[in-house]
Amino acid sequence: MCIVILIFSLNEGLRWGRGTDFNNYYLAYQEISKYKFNTDFEPLFTCLVLLCNYLEFNYQTFVFLLSFILILSASIFLQNHKNCLMYALPLLTFYVFIAENLMRWFLAFSFILISLYYLEKKKYLLYIAISICAICIHYASIIPIVVIGIVFHIKKIILPSSLVALGIFCFLFIIFKPSYMSFIADLIQQVQVANRFSGYQQNAEMWMTGDNLDMGKLSFSHALNCIYTITVGYKIFHQDNKKNNIYIYNLALIGSVLAPALNQIELFMRINILFYLFQFYVIAYCFYEILNKKRKTTWYYKIFTWIILFNFIRMTTISMPFKELPNNLLYIWDSEGKNMINY
């Protein structure tokens with residue numbers, strides 16, 4: 001576990017210039033350092049930046065700290081699920097690379113993961129306190145917190161069968177188009193919002209229809225993981241009587257079934273990704289049950305499991321190192337003394 005934490009912290013913490021957020025939050029870091037609490041940022045995020053300033057940490061150290069907090073919080077969450085830790089923590093690293101471009105959102109999610117550790121242990125005061133911390137880092141995190149709180153108390157899988165879930169997934173994959181959301185964009189533009197969110201309102205159509213980023217249908221690998229979660233995951237977790245496993249599967253199921261649609265819409269993608277990435281635990285648990293415990297299951301589920309495992313290996317050894325754009329593989333030694341990629 002320590003090796004995974006170290007490798008992830010170094011790889012992500014030493015990155016430089018990758019994505020919009022790295023550069024935007026450099027400017028935010030400078031703004032908060034100068035104006036203290038007289039900015040639009042949430043109070044706990046502001047406090048963290050000011051603490052880093054007090055400790056004379058530069059922005060690159062701040063980036064490293066966020067990466068370390070993310071992988072550490074996942075490790076804390078998994079302390080309640082040690083049986084599949086050998087699979088879960090490495091798999092998680094694949095799912096949270098998107099944190100590079102959603103830095104504050106995933107900092108809030110780090111606190112959500114820690115809160116779930118205490119929720120599972122029925123330490124409700126600590127769960128509430130840490131959830132409030134997440135909200136004070138990113139106000140929008142109240143949405144996943146409420147959804148997770150509701151799903152946690154559901155004692156069975158939320159869809160009646162894997163066929164129903166797979167049917168919804170396929171329907172959205174084939175039929176859904178981001179342009180269907182343009183009517184919501186029109187409504188948003190007519191509502192009065194706080195100045196903090198005026199930029200989102202002015203560009204509501206781009207945010208709601210996916211035009212803001214190069215969003216599109218799920219990649220082959222992501223679609224494969226969704227189908228595995230829906231089918232093999234349903235089979236394994238349907239036979240499981242551990243309450244703390246059922247709610248995690250339900251979150252992954254929500255994220256997987258809705259992914260074909262919400263992955264194409266920037267704002268909804270940000271929320272759904274926090275459910276979707278619980279696939280890491282579902283897939284890890286299936287690996288553990290099928291490959292380690294040799295749970296009796298059909299031959300095609302076993303073959304599917306090996307396909308998913310080898311696909312993750314393929315992504316590690318081929319797709320990520322050789323198919324990424326050069327700017328997505330920059331580290332601090334590529335900075336040439338610059339603080340951000342265009343500065």
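## Overall picture

A residue counts as buried here when its relative accessible area is under 20%. By that cut-off, 50% of the 343 residues of the protein chain are buried. Please keep in mind as you look around that this is a predicted model.

The fold is helical: the protein chain has 17 helices and 0 strands. Among its contacts between residues at least 6 apart in sequence, 75% join residues at least 24 apart.

Let us start with how some of the helices meet. Two packed helices are described by the angle between their axes and the distance between the axes. For α4 and α5 (residues 85-95), the axes come within 11 Å and cross at roughly 145°. The crossing of this pair is right-handed. On the α4 side the contact is made by Ile71, Ala74 and Ser75, and on the α5 side by Leu89, Leu92 and Thr93. Sorted by class, these residues are 4 nonpolar and 2 polar, with no charged ones.

The second pair is α6 and α15 (residues 266-276), whose axes come within 12 Å and cross at roughly 35°. This crossing, too, is right-handed. Here Trp105, Phe106 and Phe109 of α6 meet Arg270, Ile271, Ile273 and Leu274 of α15. The contact has 6 nonpolar residues, no polar ones and 1 charged.

Now for the spaces between the helices. Rolling a probe the size of a water molecule over the atoms shows where empty space is left. The largest share, 4 residues, comes from α4. By class, the lining of the largest cavity has 9 nonpolar, 1 polar and 3 charged residues.

The second largest cavity holds about 30 Å³ of space. Around it you will find Ile112, Ser115, Leu116, Tyr127, Ser131, Ile145, Ile148 and Gly149. The helices α6, α7 (124-135) and α8 (142-152) each supply at least two residues of this lining. The class count for the second largest cavity is 5 nonpolar and 3 polar, with no charged residues.

By class, the lining of the second largest pocket divides into 6 nonpolar, 5 polar and 1 charged.

Is leucine 251 buried or exposed? Its relative accessible area is 0%, so leucine 251 is buried.

Leaving out residues up to four places away in sequence, leucine 251 touches Ile148, Val151, Phe275 and Phe278. Of these, Ile148 also lines the second largest cavity. Valine 147 is 104 residues from leucine 251 in sequence, yet their C-alpha atoms are 8.9 Å apart in space.

## Two loop residues with positive phi

Finally, a look at the backbone. Most residues other than glycine have a negative phi. Lysine 36, which is not a glycine, has a positive phi of about 60°. This lysine sits in the loop between α2 and α3 (43-54). Because its relative accessible area is 41%, lysine 36 counts as partly exposed.

Glutamate 56 is another residue other than glycine with a positive phi, near 60°. Where is glutamate 56 placed? Its place is in the loop between α3 and α4. With a relative accessible area of 73%, glutamate 56 is exposed.

Notes. Residues are numbered from 1 along each chain as its sequence is written. This is a predicted model: local features need pLDDT of at least 70, side-chain atom pairs count only at pLDDT 80 or more; totals for chains, interfaces and linings use all residues. Side-chain values use heavy atoms; hydrogens and water are left out. Ala, Val, Leu, Ile, Met, Phe, Trp, Tyr, Cys and Pro count as nonpolar, Asp, Glu, Lys and Arg as charged, and the others, Gly among them, as polar. On a 1 Å grid over the protein atoms alone, a cavity is a set of points where a 1.4 Å probe fits but cannot get out, and a pocket is an open set with protein on both sides within 12 Å along at least five of seven lines; lining residues have an atom within 4 Å of a point. Grid points are joined across faces, edges and corners, and a volume is the space filled by probe spheres set on the points. Axes are lines fitted to C-alpha atoms, for helices over the stretch in contact, and angles run from 0 to 180 degrees between N-to-C directions. A crossing is left-handed if the near helix is turned anticlockwise from the far one by less than a right angle, and right-handed if clockwise. Contact means heavy atoms within 4.5 Å. Buried means under 20% relative accessible area, exposed over 50%, partly exposed in between (1.4 Å probe, protein chains only).
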